[in-house]
Amino acid sequence: MTATIPTQISIAAALTAVAPEGLPFRFTAYDGSATGPEDSPIHMHLATERGLSYILTAPGDLGMVRAYVQGDLEIEGSHPGNPYGLMKMMLNQVHFQRPTPSEALRIVRGLGWSHLKPPPPPPQEHLPKWRRTFEGLRHSKSRDKAAIHHHYDVSNTFYEYILGPSMTYTCAVYPSLDATLEEAQHEKYDLVARKLDLKPGQRLLDVGCGWGGMVRHAAREYGVKTLGVTLSAAQAEWAQAAIKREGLEDLAEVRFSDYRDVTETNFDAISSIGLTEHIGVRNYPSYFGFLLDHLKPGGRLLNHSITRPDNRFRPTGAFIDRYIFPDGELIGSGRIIADAQDAGFEVRHEENLREHYALTLNAWSNNLVAHWDEAVAEVGYPTAKVWGLYLAACQVGFERNNTQLHQVLAVKLDDQANAHFPLRPTWGS
């Protein structure tokens, strides 16, 4: 005799079916159902039918993020500026299981077919990949410009709340666990400068320069004539103003430009701090070829980028792709080193700063919480929530070794295969 399939199923029961090991937090829904420990400090509440439609029509993190951003999924017991505790629970303790086709049919039928009509996505969400083709081919100049605008032109004031005075949106290097974020960002820039062996009078190109932190550090601390380029107009404007405030106009310049449009060559050194993630893995050969062509013999390259813990390519998650880094791509340090070598570089040193990025993200999250009211006033509650979620999730990702941060130091040999390197490293820790 065939079992009778119930015509209705509660939302909590449906959730239990796809998370059979249970939830570490309390979950309730608008239909009155509940699951998870009643005494959990964190409580997630699905408040509306629209929220259910988001989750059913975009299974995984994208649907839940849409519901959360729109206010249909409410969270108590975790600050929206730093939901680290919730993210740690979700990534470490929640194990979703893909239902069988018959089980999925039973769940959808029980919850109601009407929920399979997708609501419009939140305005904070970037276009799906197929729609981005109208902005140009993947990693074309026009499409890269649009992707960078989505992420970096949110608001300079908003970034100041999160990043602090250094306005540095890349992994810091903590000389000690009790170092401040500003001390750690200064140490990062100085480590890059020492690895590049910068000296007064040299010329440095900083590709993907952000708000010009490395540009100003090299000019101010080492007397190096530095050119930085960024695809963000807001970053370039802020950086040029900072250069003027510090009286560095004779040494430092930041342009609103694609790095591929830099015509100057024969640089003594090139720094690339946080750009590789945006250029596309298949473009690494041309990227490293461009950088090699723009260095003088004996010139050094320092490539600082987020990486995978392995070299197997896989697409970025839907949340990161649609809300944070459109068209961003990650791969392991092995692929980066191989492509740099194949382009003609000699790789001399590399190191993994994974733990430092977890500390950096924690500091940014704390800054967002400390300036929460101002941040919400600047960009709106939904966008501020997206950033809180993103920073906390990334911190957990680095702690879990889902992602890493590698610095790769390479050199352009001269005609005699001389690397112009000392016998042992001189830059210290």
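User: Which residues does L198 touch, not counting residues up to four places away in sequence?

Analyst: A word of care comes before the reply, since this is a predicted model. With that in mind, L198 touches A193, L204, M214, A218, Y222, V224 and A269, once residues up to four places away in sequence are set aside.

User: How should I read such a set of contacts, and which residues have the most contacts inside the largest nonpolar core?

Analyst: The general idea is that nonpolar side chains tend to be buried together in soluble globular proteins. Here the largest nonpolar core has 94 residues, and those with the most contacts inside it are F25, L198 and W387. Helix α18, made of residues 381-399, gives the most to this core, with 11 residues. There is also a second, separate core of 26 residues, which includes Y259, F288, F290 and L292.

User: Which nonpolar residues form a patch on the surface?

Analyst: A nonpolar patch is found on the surface, where L105, W113 and L116 together have about 290 Å² of accessible area. One of these residues, L105, lies in helix α5, which covers residues 101-111. The relative accessible area of L105 is 37%, so this residue is classed as partly exposed.

User: Where is Q202 placed, and is it buried or exposed?

Analyst: Q202 belongs to the loop between α9 (181-195) and β5 (203-207). To judge its cover, one compares the relative accessible area with a cut-off, and buried means under 20%. Q202 has a relative accessible area of 18%, and therefore counts as buried. If its neighbours within four places in sequence are left aside, Q202 is in contact with D197, V224, K225 and D268.

User: How do I follow the strands from there, and how many bridges join β5 to β8?

Analyst: One can go from strand to strand, asking at each step how many bridges there are and which way the two strands run. β5 and β8 run parallel and are joined by 4 bridges, and V207 stands opposite S272 in β8. Strand β8 (residues 267-273) is mostly covered, with 7 of its 7 residues buried.

User: In which direction do β9 and strand β11 run, parallel or antiparallel?

Analyst: β9 and strand β11 (residues 404-411) run antiparallel, and 8 bridges join them. An example of opposite residues is I306, which faces L405 in β11.

User: How many salt bridges does a search of the whole structure find?

Analyst: The general idea is that side chains of opposite charge can pair when their charged atoms come close. A search of the whole structure finds 20 salt bridges. In one of them the side chains of D72 and R50 meet, at 2.9 Å from N to O. This pair links distant parts of the chain, for D72 is in the loop between α3 (61-69) and β4 (73-76), whereas R50 is in helix α2 (residues 49-57), and the two are 22 residues apart. D72 is buried, with a relative accessible area of 4%, but R50, at 37% relative accessibility, counts as partly exposed.

User: With which residue does R322 form a salt bridge?

Analyst: R322 forms a salt bridge with E125, and their closest N and O atoms are 2.6 Å apart. This pair also links distant parts of the chain, with R322 in helix α14 (residues 318-324) and E125 in the loop between α5 and α6 (129-132), 197 residues apart. Both ends are covered: R322 is buried at a relative accessible area of 15%, and E125 is buried at 11%.

User: Which residues are linked in a network of salt bridges?

Analyst: The network links R216, R220, E221 and E246. Within it, R220 forms a salt bridge with E221, the closest N and O atoms being 3.0 Å apart. R220 is partly exposed, with a relative accessible area of 39%, and E221, at 40% relative accessibility, counts as partly exposed as well.

Terms used
Residues are numbered from 1 along each chain as its sequence is written. This is a predicted model: local features need pLDDT of at least 70, side-chain atom pairs count only at pLDDT 80 or more; totals for chains, interfaces and linings use all residues. Side-chain values use heavy atoms; hydrogens and water are left out. Patches are made of residues with over 30% relative accessible area and no salt bridge: like charges are joined within 9 Å, nonpolar side chains (Val, Leu, Ile, Met, Phe, Trp, Tyr) within 5 Å. Accessible areas come from the Shrake-Rupley method with a 1.4 Å probe; for residues, only the protein chains shown count as cover. A salt bridge is a side-chain nitrogen of Lys or Arg within 4 Å of a carboxyl oxygen of Asp or Glu. Buried means under 20% relative accessible area, exposed over 50%, partly exposed in between (1.4 Å probe, protein chains only). Contact means heavy atoms within 4.5 Å. Two strands pair if DSSP finds at least two bridges between them. A nonpolar core is a set of buried Ala, Val, Leu, Ile, Met, Phe, Trp, Tyr and Cys residues joined through side-chain atoms within 4.5 Å.
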